[in-house]
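Subject: The structure I promised you

Hi,

Have a look at it first, and then read on.

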Amino acid sequence: MTGVLDARNGVPEFPERPREYRHRITCVEGKLGSGKTSLLAEMARQAEASGLTVRTAEASAVETGLAFGVVDQLFAGQLDDFDLSCRTDMHPVLRHLARHLRELAAGNPVFIGVDNVDKADEQSLRWLTFMHRRLADLPVTLVLTCGPVRSALVNELTGPLDRIKLSGLELSGCARMIGPATDEYIAACRTATGGNPYLLRELVSAQTAQTPQGIEAAAGSVAASLVPRLTWHGADVLDLAKAVALLGQAGIPLAAAAAGLELAPAMAAARTLHELGFVGEEPLSITYPIARSALLHAMSSPERETTHSRAAKFLHGRGQPAGEHLLASAPLGTEWAIAELREAARRAESPDRAAAYLRRLLREPLPDNGSRAEIMLELGNLQTHLDPEAAFESLQNAHSHVTDPVEEARLTLTLAYEIAERQDRGRAVAALDSASAAVAAADRDLGHALQLYAARLILEESCVDTGLQPRLARLLAEPGMSPKNELFLSALLAFRDCLRGEDPSRSAELARSAPPSLVHGAVGDIIDRAAFTHIVISLMIADELDLALRLCEDAFAATGSGEVPVASAQVHSLRAHIYLRLGRLAEAETAGQAALRIFDQLKLGRQRVVTLAVTALCSTWAEMGDPDRSAELLAIHRLDGAVPESRRFDRVLYHRGIVRSRLGDHGGALLDLLECGKRLMRRGVTNPGGTAWRSFAAEEYLALGRPADALRLAEQEVALARRWGRPRALGMALRVAGVAAQEQGYELLEESVQVLGDSSARLQLARSLLSWGALLPPADRRPVYRRAHDLAKACGAIPLMTQAANELRAAGGRRSRRDSTALTDQELCVASMAVRGRTNREIAAELYVTQRAVEQHLTKAYRKLGISGRPQLAGALRGHWPGGES
């Protein structure tokens, strides 16, 4: 037992001879985390040591609807003969339980403890109240713990009882809980927690450095426990607590607006927080410093931005000053000045004006360097879309005005990738190394995170960098790394192996062991987001597509609120690439378009996350038979010309080469694919499982009449793919090598079909079947072409389906039909173009048919699908392609 027994007033005494025991009823009261549960456990232990029969139960919000749930914990099996689901008269049950307690107490005194009685089910509360008036002649002690938020029934039960009121621990109690530590650290812990035993226990269990910086670093660990506890009292309570933590101090109307709550539920939530001891009277502020830090830690950057924006809108509605006027008064501090200026810029649709406001604000007297750094950071974010050079300068200036090493390290971690994207990856790595060295003593875990992120930046640029392997070796040898950082390190190693074509199993093992917190951290936490991204991409390269999709679906559920648009769009983009590899083209198109809509709203230009969505859509539309649309998308995003050397543009060259090939520009496609390969080889990326540039380039050589060059590249790809051992890359490479070898390629094509036969690479299998069929005897071709046709149709790959249909007709066969409602190729082709927004006239012009023919095809499609028109067409087609044949 720890320091919660500082004051023992009212704690029952347990006599040495149990027969002398007399009844007593006690209520232990306290605010959230005051030590009620610990005290009850100690009292139960003392009672058992004194020879009493001990029965305990813990009420839970999860079981409040379970009739007699608490009683069943106390007296298991006693109610098995009662049907509790339909009883209207509970008196027989109450009397039965009373008799059982009397019989139990006749043999030995009884201790009954109920923790969190304020959360007990109604029937158990009624029995406790029933027994309350019938214990006078029984050797029974009843101890209930209760928080300040109570129902009328709980008040009736606990009203007249003896009370133990718990409050914060004094320094001596804190010292007992903390153990060996300096007086200064113990005093700092008590200040941070207010002596609250729960918060103090969570702070100590974080095992951070015994310094003020270590206390601040424990915020994440405290948040992992505190957030669920507050959520227990309702989502409104947590939302309001976060808003108050971010505002620092605010009245209920302002806090309600910032939290996105109506006034009535906000007042109820404020009352609950006050009763729990987490806020005082108006103006609201968080009582415990460590709780405020934990709540702020639990808020992602987009969530903070949204909260500030709501508050700014509320202030504008109340006539608070903004823009130029705010510079003179700024009554709510720097955070509010930034929020107000941003809102003013949004109303004017002028981010450059907001940047001007912030530059003006930097000339005003500010409370501290931290405030100045924050304004510079905000200015850098605004300038990102206006002037990258100025943005970089602002971010660097923000660094120069932070004096606390821990804060500087966190800022470095937040901005490192952005600095690398805009200027020089080497400078970003140097900044991370410097910050890691400075913070190592104060926050070892943060130091590890900085080192890992530096390794990530190097790895993304080149997996053969001479400094990468020593870095990874040092990190692997680091003792005491946190589970989060260990997962990140494992993700980096799996990603490196996938790039180099080594050990495809590591990423799958990693995904299966990833904690549920990973997908939630992927929304806002920098380290979890990086680990999540590398795990998903590694799974894609390793053909573990179902695992990758499951992680993305879980992350999408966590980002679906719309409060974190960039994270949501990135997950959409990853899903689009997975669906593309699975041959589920319609779903790939939907996911890619959803990502692009978000990116376009945010005006993110050609940033790395945007190219992820653009490339997925380009290849998807090319496979669906609409490469012109892909070319338009590349032009819109200024990706149709020369692209920078940055790693993310390698995939632009790769997917643009595929688009140009589908457009018939084989020379342009070959140049893009060879340039992509040149860059990848320079970076040490040899695995065709990620980017099969050699196979695609070999096809372009064939189209240009250069079979020897095609065979050379294809054979290289086959060797690399055999080493990797995954079906998609090997099957594709074997197909291209077989086609390039012409009459001598039969065995290669046959092996390609065998390798891909049980894989998820349906589009690649369809292509291999078509190529293999051409070398078969005429009588054996029809079933092969039919299977290729059905696979392409299920995927929604119109050009491939049409090619297969033509080959099947030439071989004297007919396409398979599942039933009379199946769409013909022409109907499916016309319907798919209609879903993508083409008018009847545009469809007719593209297919060289009359508008009347288009209308007839659509009418037949509507009838077969059981719909009335175009608005229902997209949903109805899901059952026909993709996924009609999974």
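Below is what I found in it, starting with the whole chain and then going place by place.

Keep in mind that this is a predicted model. The chain has 886 residues, and 53% of them count as buried. Its secondary structure comes to 46 helices and 5 strands. If you take the contacts between residues at least 6 apart in sequence, 67% of them join residues at least 24 apart.

Nonpolar side chains tend to be buried together in soluble globular proteins. The largest nonpolar core here holds 150 residues, and the ones that touch the most other members are Tyr-453, Val-536 and Ile-578. Helix α23 (residues 444–461) supplies the largest share of this core, with 10 residues. There is also a second, separate core of 53 residues, and Tyr-185, Leu-200, Ala-269 and Leu-273 are among them.

Now try helix α30, which runs over residues 565–582. Its 18 residues reach 26 Å from the first C-alpha to the last, close to the 26 Å expected at 1.5 Å a residue. How many of its residues are buried? The count is 16 of the 18, so α30 is largely enclosed by the rest of the structure. Just after this helix comes Gly-583, with a positive phi of about 75 degrees.

The buried residues of α35 include Leu-670, Leu-673, Cys-676 and Leu-680. An α-helix has 3.6 residues a turn, so residues three or four places apart point the same way. As for what covers the buried residues of α35, the list includes α34 and α36. A glycine with a positive phi follows this helix too: Gly-684, near 85 degrees.

That brings us to a helix pair, α36 (residues 693–703) and α37 (residues 707–724). Two packed helices are described by the angle between their axes and the distance between the axes. For α36 and α37 the angle is about 165 degrees and the axes are 8 Å apart. Angles over 145 degrees count as roughly antiparallel, and that is why α36 and α37 get this description. Their crossing is left-handed. If you want to find the place where they meet, look for Trp-693, Ala-697 and Tyr-701, among others, in α36, and for residues including Pro-707, Leu-713 and Leu-720 in α37.

Two loop residues deserve a click as well. Most residues other than glycine have a negative phi. Phe-68 is not a glycine, yet its phi is positive, at about 60 degrees. You will find Phe-68 in the loop between β2 (53–58) and α2 (69–74). Arg-638 also has a positive phi without being a glycine, near 55 degrees, and it is found in the loop between α33 (627–636) and α34 (648–662). Are these two buried or exposed? Phe-68 counts as buried because its relative accessibility is 1%, while Arg-638, at 52%, counts as exposed.

Lys-242 is found in helix α11 (residues 235–247). With a relative accessible area of 12%, Lys-242 is buried. Setting aside neighbours within four places in sequence, Lys-242 is in contact with Leu-295, Ala-298, Met-299 and Glu-303.

Asp-758 lies in the loop between α39 (746–756) and α40 (762–773), and it is exposed, with a relative accessible area of 82%. Its C-alpha atom is separated by 8.8 Å from that of Pro-727, although the two residues are 31 apart along the chain.

Gln-764 has its place in helix α40 and counts as buried, at 17% relative accessibility. What does Gln-764 contact, leaving aside its neighbours within four places in sequence? The partners are Arg-728, Met-732 and Leu-756. Gln-764 and Ala-792 are 28 residues apart in sequence, and their C-alpha atoms are 9.5 Å apart in space.

Happy exploring!

Technical notes
Residues are numbered from 1 along each chain as its sequence is written. This is a predicted model: local features need pLDDT of at least 70, side-chain atom pairs count only at pLDDT 80 or more; totals for chains, interfaces and linings use all residues. Side-chain values use heavy atoms; hydrogens and water are left out. Helices (H or I, at least four residues) and strands (E, at least two) are DSSP runs, numbered from the N terminus. The expected span of a helix is 1.5 Å times one less than its number of residues. Buried means under 20% relative accessible area, exposed over 50%, partly exposed in between (1.4 Å probe, protein chains only). Contact means heavy atoms within 4.5 Å. A nonpolar core is a set of buried Ala, Val, Leu, Ile, Met, Phe, Trp, Tyr and Cys residues joined through side-chain atoms within 4.5 Å. Axes are lines fitted to C-alpha atoms, for helices over the stretch in contact, and angles run from 0 to 180 degrees between N-to-C directions. Angles under 35 degrees count as roughly parallel, over 145 as roughly antiparallel, 65 to 115 as roughly perpendicular and the rest as oblique. A crossing is left-handed if the near helix is turned anticlockwise from the far one by less than a right angle, and right-handed if clockwise.
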